[in-house]
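Have the model open while you read.

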Amino acid sequence: MQAGFYGRPWSMEQRKLLFQWLKRWGLNCYMYAPKDELKHRLLWREPYTEHEAACMQSLIEAAQEQGVEFVFAISAGQDMVFSSAGDRLLLQQKLRQVAAMGCHSFALLFDDIDPCMCQADRDVFPSLAQAQASVANEVYRELDQPSIFLFCPTEYCSSLCSPSPSQSCYLLTLGQELLPGISVIWTGPKVVSQELSATLLEEVEGVLQRRPIIWDNLYANDYDCRRVFLGPYTGRAPGLMPRLRGLLLNPNCELQANFIPIHTLGSWFRSELGSCAHSDHAGKETAAALGDSQGPQEGSYSPQEALELALHDWVAEINRQALEPAVSMQVPEGLPPCSFLPGGRTPGQPSISLKGGTRLQPSTAGGQEVMPDAQPHDSVPSVADQDGPEPCSVAPGEGRKKVTSEPEKGSESRTPTGGRQSPTGDGDQLTTGSRESCEPSSALPSTAGSAQSTGTSVATETLHSPGPPMCCSNGANTSQNLPLPTSDARTGGGSSPQPPSSTQTEVSRADMPPKPPGPGACTSPGPPAPLTDEVGASPGPTAPLTPEETGSSPMALLTLEEAGSGPTVLLTPKEARTSPTAPLTPEEARFSPMASLTLGEVQMLVELFYLPYHHGPLAQHLLEHFRWLRANSLSVGVPATAPDDCEGMQWRGRAQSFQLLCAQTCRLHSHFVSSASRALLYDLHPYLWDIRNMLLAASAFVLWLDGHLLCDPDPKGTWGSCFGWCQSITAPILLGGDAEPWARRGGLFGELQALLPVGNSCDLFCHPPPLFPSSQLYLLHPLLPPDKGELYRMCQESLNCDPKVAEILAAYPDLLGDRLLGSFLSLSPEYTFVLEDEGGPCGYAAGALCAEGFLQQRDSSWLPAMRHKYPRDLGAGAPALGQDALEEALLFFHTEPPAVPLPVLRRFPSLVQLGTAPRVLDVGASRSLAICLLSALRANGSRGVFCQVSAADQQQLSFYSKLGFVALPVAWGISPGARLLGRLL
């Protein structure tokens, strides 16, 4: 295995944990190649200081104690003068210094560099390949021709070769010039290769005149800060081993995200070894049969079986870590501070197996890890037993590679057994881009419910889904599962309030029906579905679902009898907590043995973050439901286009299923925060938090569509053109099958966001995850009849006031609510959304589609009613706490409001207002509230929104600015310190 990613390097404790994982699963090589460690790449000429050398030696010894071959890699190609004797000497001295620490294996990496040589080099060498080969050969001899010496070329995959690998002058020259003992790294057809085939490897072997070492970037995620990959190792054809010298796996930047990747890699490796052994005993004819057979062979690798094994082990590991005391995830004292460098793209970090010896896993142009000979390991020593000095200072993005050597026959069974202990420190292994590198470090801290659980028991239950739906005669379906690739290869405002839609008025808040126990428990996950090339792709406006799809979907829809009688069922946060499938509160978790994450929850986590080219079943069902609901939304619009209620019933049934999946994911986030260890929470929470926020907005938006979407046949500015516009701005990500995975920005998060009317226009305005994750469970939904009183109480409770003011407010309990929300609830209730937590409503987002008509009606009818309701002299009195808010409300009611400038109304036709209770510390929930309102306005044709914010409220100004609002150079409002902010949609 290798660690050659860009981003924050791992800590010493994380690396030690990695070595334990490698040993347990029969992997034997680790390549140290952190791209952003200064002295690995940028300052490669500088030798390690005495303290840094001691740290490096400690790391080398820790690897050797676990039987892991440590490969030290250096990236000198960015500024090395190949013809300079001084540079060559400095490179050799650096490697000799590391050799003196006990390192016996080395790698020279020339990936991700400028292919143009300087003038001095052009005068000496006829080509870049000859210059690099000259340096590599000299260093190889100087180190006494070590048994493991790796070379990463500048053209390290087929897509970088011109015109092809077999016709690349660069590769042909390397094949001729490099000494035979030097192994060459290769990532496959692309930087991140979806599949690896024996045919391609044959071509590369012929050009390089040696079997390549695969640097596998399948799990590298440093190119996208919103994606992490937790799925099983897959897409590698059986029988690759004879064509390879080894394979190095480049991991996720977050160590804790690599448990399943490494676990399943070990399963694949043992399967390959078993196939080779079988071939040796049965002869060439049997070997050929195994390679060409379409059906699974005995001992062949199954990604789903490997994933099932890994899931059980990961659940045990997660819950074991939760019991351990937290360990600092910072670089140890005494080491130089890490310097963070801009991220870039590098080759993947694969695991390699060297025929007859060690197996290597290449990194993304960084380091790699070597794995020890495969053998049974019943237990792994605790990290506490391996404390040692930290390695030298590193900048984010260090890389390492793992190499696995071929174990003796029969030394390891295909199914890993035995207990495993993981370190309590951070993970610093297989990823290519830390979260911190792409988002600001400042965030609103959230403390509610952040206590961690100490429960130990592991439940082995899976999530249950509603039964399949039937429409009229046939069942509406969810989309069917797609097989894994083979191992080879929506006028106006100012109108009177509309009656609430059936979806809102009839919403009954009932508990989610628990799934009865059955044979599905503890079963292996369903097969993943490949990512679509077009994010906006969806069935036609009335595209039905086939019964076959319904029957094959594990996340089936509700029946019409269940959903057609009314709207989608909503769970309040309190009810969600009492649901049999809901996680416990943090307080309950502290004392409950059932607080541990269950197998079903961990499986959900994996299915949300699967692989770069494939979604897991849960993610795929979320996307399929949302696409279908969007494409068929006119059937529940205003007026509904469906000739009868059958289509509406089918739509609501599917909306119900989508709501349940969203609710399950939100509960997963809540339970994850309260139960996961600090290291796991640190690594994976930002990704799960992003998905939770997006599903909060998407779920509420789907509820809003029922009875609120305007079905205007005029295509200008309404639903149809809205999504045409959405697709136009996401055009860059609608690429063909040959695109690298970074073209599909954000993974599941990005695809869900692109399906909202505001689409990816929100992507440039990111809120960082909270510094203190909260397990608070939130619910976001359109305004319901009971919500008005609760929202008014929230407005009053947020005011800390003097007893005299409190007496006035007790006599006039609606005063503050009418000031903040009354006009919207009376004149534009269809554009109001409510955020709830376990304490009830805690936030709102209110809007008016046509601000001009809304303001005219407010001034002509609503304000006169308020003046009659609240006397002008109501707030007269001596200064007191809360007096200012009281006087401001009365001033608003009894003063003629200034007119909004016409240029603002023309450019920003809609008005919005947001507010949250002080207890809402999670900025993600507030952002979801805003995105949902903006989506509703945009769906019904708005092209811009504006709002008024106090110039002194820096928190609100910052929040709106991160939603894309900018200050408008106009004055409006009663308060002299008010600012007008606008945002185009």
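1. Start at Leu91. Beyond its neighbours within four places in sequence, Leu91 is in contact with Trp44, Ile74, Ala76, Met80, Leu108, Val135 and Val139. Bear in mind that this is a predicted model.

2. Leu91 also turns up in the largest nonpolar core, which has 239 residues. Together with Phe70, Phe72 and Trp314, Leu91 is listed there among the residues with the most contacts inside the core. Helix H19 (residues 678-705) gives this core its largest share, 17 residues.

3. Helix H3 (residues 85-99) and helix H5 (residues 128-142) have axes that come within 10 Å and cross at roughly 40°. Angles under 35 degrees would count as roughly parallel, so H3 and H5 are oblique to each other. The crossing of H3 past H5 is right-handed.

4. Who touches whom? From H3 you get Arg88, Leu91, Gln92, Leu95 and Arg96, and they meet Ala131, Ser134, Val135, Glu138, Val139 and Glu142 of H5.

5. H19 passes H21 in a left-handed crossing.

6. On the H19 side the contact involves Asp690, Ile691, Met694 and Leu695, which meet Leu748, Phe749, Leu752 and Gln753 in H21. By type, the residues of this contact are six nonpolar, one polar and one charged.

Conventions:
Residues numbered from 1 in each chain as written. Predicted model: local features only at pLDDT ≥ 70, side-chain atom pairs only at ≥ 80, totals over all residues. Heavy atoms only, no water. Axes fitted to C-alpha atoms, helices over the stretch in contact; angles between N-to-C directions. Helix = DSSP H or I, 4+ residues; strand = E, 2+ residues; numbered from the N terminus. Parallel < 35°, antiparallel > 145°, perpendicular 65-115°, else oblique. Left-handed = near helix turned anticlockwise from the far one by under 90°. Contact = heavy atoms within 4.5 Å. Core = buried A, V, L, I, M, F, W, Y, C linked by side-chain atoms within 4.5 Å. Buried < 20%, exposed > 50% of the residue type's maximum accessible area, 1.4 Å probe, protein only. Nonpolar A, V, L, I, M, F, W, Y, C, P; charged D, E, K, R; others polar.
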